Amino acid sequence: MIDPRLVTLRTFARCGTVAATAELMGYSPSAVSAQLRELQQSLGLTLLARDGRGLRLTAAGKELVRRSDALFAQWEQIRAASASADGQVPGQFGIGGFSTAATHLIAPLLPRLRDLHPSVEVQVMEASPARCFDLLVAERIDVAVVVSMQGEVLLEADPRFEKITLLDDPLDVMVPADHPLAAQERVSLDQLVADPWVTDQPGSAYRALFTAAFTAAGLTPRIAHEATEWGTAIALVGAGAGVGLLPRLVSLADTPGVRRVRLAGPGRLTRRIIAAMRAGSAEAQLPRDSIRLLREIAQDVLDTHLAGEGDEGGNRSPSTPHGISDGGRSAHPSP
């Protein structure tokens with residue numbers, strides 16, 4: 001078994017402060033400091049040095065953290081293989097994800113996991129992608145559901161994580177129910193470029209996706225409103241304040257004043273949603289079952305949001321491919 005104090009050191013290396021490490025791991029700051037002191041004493045190495053009022057990793061500490069990546073990946077593989085030898089699963093399992101994923105993918109996952117593994121206690125943590133990866137390093141969760149394009153999270157060449165594609169979530173257009181194009185099956189951005197648009201604030205992942213769509217179409221949108229929550233954006237569209245882009249994973253059910261129309265032509269984009277795990281852990285039973293069930297749930301959700309919202313705001317035709325990727329496992333995110 002790997003020394004848990006090494007997990008604390010790796011978490012400190014990611015967070016940068018004792019206080020942040022303590023908050024992430026659920027310890028007190030004094031307990032984190034004690035673990036780090038004890039690890040240094042047991043190894044006979046100076047791993048941390050004073051840096052103003054805080055601490056920083058020494059060269060020895062950085063090297064220990066870097067070289068431990070392979071050790072942790074191998075341990076995850078050993079643990080998974082040992083458990084699968086006679087069908088055992090751990091008693092606890094943690095899964096984290098951003099708000100839309102938590103609502104539409106992770107919450108429906110819980111009863112299905114309970115049916116398969118009734119003795120397992122599953123804990124859900126709704127969190128930003130960056131925090132999800134912090135939680136993986138701290139071993140507070142075992143699977144994170146995130147959007148791969150998030151600029152604040154870099155998976156490229158990071159040996160601590162591996163990822164599996166869950167789905168490619170298409171962007172649709174949401175328009176007021178009385179919009180001239182509301183009854184269309186498909187619409188292109190150039191048909192809506194003169195409309196006022198609702199989008200997220202500059203610097204957000206969704207704003208980057210919004211900008212990429214119009215750049216691909218060679219158009220400049222007229223941004224009238226900024227909203228950080230999908231519910232706010234949907235309400236603004238329903239009030240006739242503008243139009244917006246909406247991932248298909250986000251529901252328009254119970255929103256009679258808004259219609260979902262499929263996006264066609266230049267600017268038609270998807271956001272890739274992935275499951276990320278600690279390197280070496282993907283072959284464990286609970287992550288494997290979770291990935292399979294999440295893909296099934298994603299298929300059902302996209303079908304429903306495209307065809308099943310009906311008069312409440314959905315597109316009525318289910319004939320378009322649903323955007324589910326076959327999703328091979330890789331240590332690197334797709335473009």
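Okay, quick thing before we start: what you're looking at is a predicted model. So let's go to the rings.

How many aromatic pairs does a search of the whole structure find? Five. I'll walk you through two of them.

Take Trp197 and Phe210. Their ring centres sit 5.7 Å apart, and the planes meet at 65°. Anything over 60 degrees counts as edge-to-face, so that's what we call this pair. Now look at where the two partners come from. Trp197 belongs to strand 8, residues 196-199, while Phe210 is in helix 7, residues 205-217. So the contact ties together parts that lie 13 residues apart in sequence. And are these two buried or exposed? Trp197 is buried, with a relative accessible area of 0%, and Phe210 is buried too, at 1%; the cut-off for buried is under 20%.

The other pair I want to show you is Tyr206 with Trp230. Here the centres are 4.6 Å apart and the planes are at 70°, so this one is edge-to-face as well. Tyr206 lies in helix 7 and Trp230 in helix 8, residues 230-238, so this pair ties together parts that are 24 residues apart in sequence. Tyr206 has a relative accessible area of 12%, so it is buried.

Ring pairs link Trp197, Phe210 and Phe214 into a cluster.

If you find Phe72, you'll see Arg10 lying over its face, at 4.2 Å from the ring centre.

Most residues other than glycine have a negative phi. Glu139 isn't a glycine, yet it has a positive phi of about 60°. You'll find Glu139 in the loop between helix 6 (129-137) and strand 5 (143-147). It's partly exposed, with a relative accessibility of 31%.

Then there's Asp254, again not a glycine, with a positive phi near 65°. This residue is in a loop too, between strand 10 (243-247) and strand 11 (258-263).

Technical notes:
Residues are numbered from 1 along each chain as its sequence is written. This is a predicted model: local features need pLDDT of at least 70, side-chain atom pairs count only at pLDDT 80 or more; totals for chains, interfaces and linings use all residues. Side-chain values use heavy atoms; hydrogens and water are left out. Rings of Phe, Tyr and Trp (its six-membered ring) pair if their centres lie within 6.5 Å; planes under 30 degrees apart count as stacked, over 60 as edge-to-face and the rest as tilted. Helices (H or I, at least four residues) and strands (E, at least two) are DSSP runs, numbered from the N terminus. Buried means under 20% relative accessible area, exposed over 50%, partly exposed in between (1.4 Å probe, protein chains only). A charge sits over a ring if NZ of Lys or CZ of Arg is within 6 Å of the ring centre and within 35 degrees of the ring normal.
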